[in-house]
Amino acid sequence: MSVFPRISLRPEVAQYLKGAFLNSELLASIGKEEAEHHFQTLLTCLSHPPSSTCVRANVHLSSLGEIRVKLGEELKKQISGWEDEELEIVTHPVLPDVLLIPVVGPRCVQKLSSEVVVGAQCGNAVLRGANVFAPGIVACPKFMKAGEVVSVFSDVEGKCTRGAFSFQGMTTFVGNGVAEKGRAELFGAGETVRGVGVRMTEPLYWSPSFDGVLPHLAFLQNLPSVVASHVLGPRPGERVLDMCAAPGGKTCHIATLMEDQGEVVALDKIRNKTQLIRENAKILKLLSVKVFCFNGAKVVSDDVGHDTREPPFPPESFDRVLLDAPCSGLGQRPNMASTWTLKEVSSYPPLQRSLFHAAVRALKRGGVLVYSTCTVTLAENEEQVAWALRTFPDLTLQPQEPRLGGDGLPGAGLSPEQLRLLQRFRPELSWEAAAHIPLARRADVDTIGFFIAKFQKN
Ligand code: SAM
């Protein structure tokens, strides 16, 4: 029996997911018992963080070896005083720009009487090594002062009223820390307070905080996201479109793989988020990134000239297109409770298809299109691939390099050969099992849920 709870989902969403994971094609290939086991392990894995932290090294500015040494020096400062912790930073056997750090936990941490409640997103970030930022705090004791030692709980269902003194709803303990701001400062003035609210000293899961750590050399990214940009395979001098780009993790990786030569056009439809892409490209010193606030579904127009440098662009303008699609995000970890309705989860496939239409139009003949999501549903992954192959006869599925994930999931009518061309990262390794696998190997199997398909336009 696992000590971890499963992710809490609305009953209709749980039923919907179960239907996809126990579909008749899958049952015919692996049998009901095994399919059920995989599904239950998936639900358990989603509620806790992966057992390693993945750092993409900005090899555009320094070598992997040098970044590893510098990172070791920086992170050692964080664990000084820990007697029995050794900091292990390992390179990835296949990915030339990845460093892996183990996550230690769940640790035995005593809960305290003074309780701070944070929003679910903030709680999830704490479980992955972050401190509590002030805007994430939703409740704290009436007389809490800076310097007080507190226990931090995550409001997993988002039901706590902002500014409350305490909360009796469903929460999860994420560790202890020291308040850097008192109650009066947090809630007194009525305006949003910035900066660290609670510095975590005894997190439930220890993994390094990257707040201010080598910002120009070390970029936190989930391992499958790093794989996606490698699969796209951009080369120096090319013109690449990243249709849904914020906050720009993959955009910057693509520009790095192109040695910052050529052009990476990064779009996002939310203006504030485009600023994040610009900031990241600036920090990582990448000049080839051009950012626009624009609806990706409208990126192509027949009515513009070939010399246009901003969207919309004429058809067949790009050598490669990445469609890292907006999705239901059900592969994200940790995620202890999703309050999403089935209507919300089901709203994504039509949006993804309209973006896909534009992606195909924007791509040159012979060009490469990568479609990716960070969710586990069949409807947003394999079913979208089956739809794309039916809808665009000039698209063919391509082998992926590197290939660290598993095959696609049966159930969408794709052939076994087609499923083998897909890459699905399935978080189905129990924490107990992960503990026995060396870090460099378990990082590939104990990831967030992620999906990658690579097409060529013929
Ligand atoms: N590729 C990003 C990265 O690696 O950092 C993550 C992208 S996230 C999965 C999806 C993004 O799509 C969100 O930032 C969202 O604002 C954006 N988005 C949603 N609909 C869009 C649209 N119609 N056009 C452009 N961007 C869109």
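**Figure 1. F356, a buried phenylalanine with a stacked ring partner**. F356 has a relative accessibility of 1%, so this residue counts as buried. Please keep in mind, here and in the legends below, that the model is predicted. Across the structure as a whole, a search turns up nine aromatic pairs. In the pair made by F356 and F392, the ring centres are 5.8 Å apart and the planes meet at 20°; because stacking is called for planes under 30 degrees apart, this pair is stacked. The two partners come from distant parts of the chain, 36 residues apart. F356 belongs to helix α11 (residues 348-362), while F392 sits in the loop between α12 (382-391) and β16 (395-397). Is F392 buried or exposed? With a relative accessibility of 9%, F392 counts as buried.

**Figure 2. A cluster of aromatic rings**. Which residues do the ring pairs link into a cluster? They are F356, Y371, W387, F392 and F455.

**Figure 3. An arginine over an aromatic face**. Here R239 is placed over the face of F318. The distance from R239 to the centre of that ring is 4.8 Å.

**Figure 4. The residues around the ligand**. How many residues surround the ligand? There are 19, and the closest of them are K250, D268, N295, G296 and D324. Sorted by class, this shell holds ten nonpolar residues, four polar ones and five charged ones.

Figure 5. How much of the ligand does the protein bury? Taken alone, the ligand exposes 620 Å², and the protein buries 88% of that area.

**Figure 6. V103, a buried loop residue**. V103 is found in the loop between β3 (98-102) and β4 (115-119). At 9% relative accessibility, V103 lies under the 20% limit, and so this valine counts as buried. For a sense of scale, look from V103 to L71: the two are 32 residues apart in sequence, and their C-alpha atoms are 16 Å apart in space.

Conventions:
Residues numbered from 1 in each chain as written. Predicted model: local features only at pLDDT ≥ 70, side-chain atom pairs only at ≥ 80, totals over all residues. Heavy atoms only, no water. Near = heavy atom within 4 Å. Areas by Shrake-Rupley, 256 points an atom, 1.4 Å probe, with all protein chains shown as cover. Nonpolar A, V, L, I, M, F, W, Y, C, P; charged D, E, K, R; others polar. Phe/Tyr/Trp six-rings, centres within 6.5 Å; stacked < 30°, edge-to-face > 60°. Helix = DSSP H or I, 4+ residues; strand = E, 2+ residues; numbered from the N terminus. Buried < 20%, exposed > 50% of the residue type's maximum accessible area, 1.4 Å probe, protein only. Lys NZ or Arg CZ within 6 Å of the ring centre and 35° of its normal.
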